[in-house]
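Here's a friendly walk through a structure that may be new to you. Take a look at it first, and then we'll go through it piece by piece.

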Amino acid sequence: MLDDFLTRAAIAGVGVSLATGPLGVFVVWRRMAYFGDATAHAAILGVAMALATDLPIALGAAVVAAAMGLTVATLTGRGWAADTVLGVLAHSALALGLVGISFVGTVRISLESFLFGDILAVSRTDLAMIWGGAVVVLAAVVWRWNRLLLSTVNEDLAYASGISPLRERLALTLALALVVALSLKIVGALLISALLIIPAAAARALSRGPEAMAVGATLIGAVSALAGLWASYHFDTPAGPSIVTAAAGIFIIAAVAGRLRRT
Amino acid sequence: MTLIAAEGLNVTLGAQPVLHDVNLHLAGGEIVTIVGPNGSGKSTLLRALLGIVPLQGGRVTRAAGLRVGYVPQKLALDPTLPMNVARFLSLPVRHSRADIAATLARVGLEGVETRPLAGLSGGQMQRVLLARALLAAPQAILMDEPTQGLDQPGEAAFYRLLEEVRSDTGAAVLMVSHDLHVVMAASDRVVCLNGHVCCEGSPHVVSNAPEYRALFGEGTRGALALYRHHHDHHCAEPDHA
């Protein structure tokens with residue numbers, strides 16, 4: 001069964017949504033959309049560094065994404081404007097990564113696959129890594145759920161309950177870096193944020209509680225992956241962008257349905 | 001019994017010294033109010049007592065195993081986060097449905113469990129925040145301007161509720177406020193803050209202190225005179241007569 005490239009792609013897409021769903025809701029609630037973008041763009045720099053040093057690409061992507069997340073968090077914590085910091089660092093990392101890849105890249109490297117993903121080319125090893133990483137992220141979010149949620153609702157209330165919002169933010173930053181590294185193969189650096197934000201935003205319109213929204217985002221992410229792959233196969237469209245397009249379609253339907261239910 | 005004691009607190013935010021050499025204590029069952037002009041460090045003091053802002057000097061000691069309830073100034077919930085009252089009250093510790101219902105009834109909000117948090121009025125939100133603090137069975141409740149945004153009847157009702165809670169549970173209350181006259185009536189002790197403790201004592205003593213008058217002027221005397229009159233009849237403190 002795993003011999004079929006489409007089956008592997010489907011399993012990879014569903015696996016990634018196990019992590020992007022529960023993490024995506026926090027990205028939406030905490031307004032971290034640009035933060036997610038910055039981490040994803042930094043991953044390209046990680047790819048370049050991994051290629052130069054012959055390390056696994058996912059490792060390079062995860063490490064540089066985490067470093068980006070921590071740097072942004074530190075600088076904004078010192079009073080730098082978040083907008084500016086993200087704009088400078090994210091685009092510098094992306095540009096530097098592209099320049100770097102042009103130096104080390106040979107015929108074996110297709111830049112496009114890092115920017116837009118290459119889900120149809122996932123191997124069994126990729127599958128194991130994606131599912132392993134996704135389960136780690138899912139378990140971490142479930143384990144810290146109440147602490148993450150209260151820190152998101154109000155940091156002072158978290159402190160008063162003996163929770164450190166700083167530690168929870170660190171946990172989210174690291175989880176985000178891991179998800180970026182996992183999703184790079186699926187939709188590429190430019191569309192990873194979409195995978196985090198669109199399913200969560202779609203689930204918002206249909207949810208009455210935070211847990212329902214997280215589960216909804218996961219399901220919508222999985223359905224988007226399957227629908228996008230189906231469309232990609234039938235209409236011969238690029239897989240990553242097709243998945244994001246499917247998610248956008250579900251978002252529109254959910255937004256309209258949510259509006260109708262309320263009136 | 002002293003629940004929380006602060007000695008020689010120094011707090012600097014950025015380059016700005018906010019609190020210097022502040023001493024404060026909260027004893028069991030008392031209602032203490034911190035008053036002071038804008039920027040006098042009232043909220044920072046509360047946050048320092050909770051361990052939220054780092055201290056540059058001094059220390060905060062709490063009684064062993066002290067349970068603290070905290071009511072923040074306001075709760076700005078992101079509209080993308082769906083949350084009803086019952087779920088919020090069970091954060092981070094889950095409480096039974098019966099406990100939640102009883103506590104909501106205690107603060108005068110029966111049956112709002114399934115209402116979205118975002119749809120509550122300012123007064124209802126303050127009561128929900130108080131209910132959340134009460135569910136932890138606190139020995140001390142710390143509140144930051146709990147009546148901000150309430151109209152006068154709402155304010156009066158909130159302080160009555162606080163008084164009831166204190167007499168039911170014996171919890172001490174430490175709150176920050178700047179609506180002087182109502183607060184004075186509701187407090188056992190007032191701490192007047194302006195970066196440091198200018199003066200403290202019973203509302204009567206503080207309102208007559210020159211430091212307090214220098215900060216707040218003479219304008220509040222009418223209200224305070226009313227307060228004293230009211231208080232004399234009920235508490236019959238001989239030195240007030």
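This is a predicted model: local features need pLDDT of at least 70, side-chain atom pairs count only at pLDDT 80 or more; totals for chains, interfaces and linings use all residues.

## Where the chains meet

Let's start with the interface. On chain A, 23 residues are in contact with 23 residues of chain B. Between them the two chains bury about 1,900 Å², and 60% of that is on carbon and sulfur atoms. Which residues of chain A lose the most area to chain B? They are A:Val153, A:Asp156 and A:Leu157, and together they make up 29% of what that side buries.

## What chain A brings along

So which parts of chain A do the touching? The elements giving two or more residues to the side that touches chain B are α1 (5-29), α7 (145-153), α8 (155-160) and α11 (210-235) of chain A. The largest share comes from α7(A), with six residues. Sorted by class, that side of chain A has 12 nonpolar, six polar and five charged residues.

## A closer look at α7 of chain A

Is it enclosed by the rest of the structure or open? Seven of its nine residues are buried, so α7(A) is largely enclosed by the rest of the structure. The buried ones are A:Trp145, A:Leu148, A:Leu149, A:Leu150, A:Ser151, A:Thr152 and A:Val153.

Now hop over to chain B and find B:Phe88, which lies in helix α2 (residues 85-89). Buried or exposed? B:Phe88 has a relative accessible area of 0%, so it counts as buried.

For a sense of how the chain folds back, take B:Phe88 and B:Ala118: they are 30 residues apart in sequence and 11 Å apart in space, C-alpha to C-alpha.

## The strands of chain B

Chain B also has strands to follow. Strand β1 (residues 2-13) and strand β2 (residues 16-27) of chain B pair in the antiparallel sense over eight bridges. Within that pairing, B:Thr2 has B:Ala27 as its bridge partner, while B:Leu13 is partnered by B:Gln16. The hairpin of β1(B) and β2(B) has two residues between the strands, and there B:Gly14 takes a positive phi near 65 degrees.

Strand β1(B) has another antiparallel link: five bridges join it to strand β4 (residues 57-62) of chain B. One of the pairings there is B:Asn10 with B:Gly57.

## B:Thr44, tucked in a helix

Last stop: B:Thr44, in helix α1 (residues 42-49) of chain B. Why does B:Thr44 count as buried? Its relative accessibility is 11%, and the cut-off for buried is under 20%. Neighbours within four places in sequence aside, B:Thr44 is in contact with B:Val11, B:Leu13, B:Val18, B:Leu19 and B:Val53.

Technical notes:
Residues are numbered from 1 along each chain as its sequence is written. Chains are lettered from A and ligands numbered from 1 in the order in which they are written. Side-chain values use heavy atoms; hydrogens and water are left out. Contact means heavy atoms within 4.5 Å. Buried area is the accessible area (1.4 Å probe) that two parts lose on being put together, summed over both. Helices (H or I, at least four residues) and strands (E, at least two) are DSSP runs, numbered from the N terminus. Ala, Val, Leu, Ile, Met, Phe, Trp, Tyr, Cys and Pro count as nonpolar, Asp, Glu, Lys and Arg as charged, and the others, Gly among them, as polar. Buried means under 20% relative accessible area, exposed over 50%, partly exposed in between (1.4 Å probe, protein chains only). Two strands pair if DSSP finds at least two bridges between them.
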